[in-house]
Amino acid sequence: THTFSATTSGRVTATLSSLSPDATAVAGFAMGEWTGISCVERIANDTAVQATVITGNVSAAAQLCIRVRDVGRFTEPVDYEVTVVYP
């Protein structure tokens, strides 16, 4: 889980930019609100692959989070990269 702060309202776009060593791996990929303790998922894709995009909107400044997780399909360690664009 990775946290970040949107400073104003607007569109938030997260891309699962890479998965390695297996670019065809399937992962859980979610965006949500950070409570200070946990990530409350609002948008989730449990069949995300490399290049999957999730998009949402925030109506005001907010603490947000991105989560990447194993959904029971990894057979070896997986490195990942996520790109997030936010206001």
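This briefing covers a sheet and a disulfide in a predicted model. Local features need pLDDT of at least 70 and side-chain atom pairs count only at pLDDT 80 or more, while totals for chains, interfaces and linings use all residues. Residues are numbered from 1 along each chain as its sequence is written, and side-chain values use heavy atoms, with hydrogens and water left out.

**Sheet**

- Four strands form an open sheet in the order β1-β6-β3-β4, with antiparallel pairing.
- The edges are β1 (2-6) and β4 (39-48); each has a single partner strand, so one side of each lacks a neighbour in the sheet.
- On average, neighbouring strands of this sheet are turned by 20 degrees against each other, direction ignored.
- Such axes are lines fitted to C-alpha atoms, for helices over the stretch in contact, and angles run from 0 to 180 degrees between N-to-C directions.
- Strands (E, at least two residues) and helices (H or I, at least four) are DSSP runs, numbered from the N terminus.
- Two strands pair if DSSP finds at least two bridges between them.

**The β3/β6 pair**

- Strand β3 (residues 27-34) pairs with strand β6 (residues 62-69) in the antiparallel sense over six bridges.
- G28 stands opposite R69 in β6.

**Disulfide**

- The structure holds one disulfide (a pair of cysteine sulfur atoms within 2.5 Å).
- C39 and C65 form it, with their sulfur atoms 2.0 Å apart.
- The torsion about their S-S bond is about 85 degrees, so the disulfide is right-handed.
- The pair links distant parts of the chain: C39 lies in strand β4 and C65 in strand β6, 26 residues apart.

**Burial of the cysteines**

- C39 is buried, at 8% relative accessible area.
- C65 is also buried, at 0% relative accessibility.
- Buried means under 20% relative accessible area, exposed over 50%, and partly exposed in between (1.4 Å probe, protein chains only).
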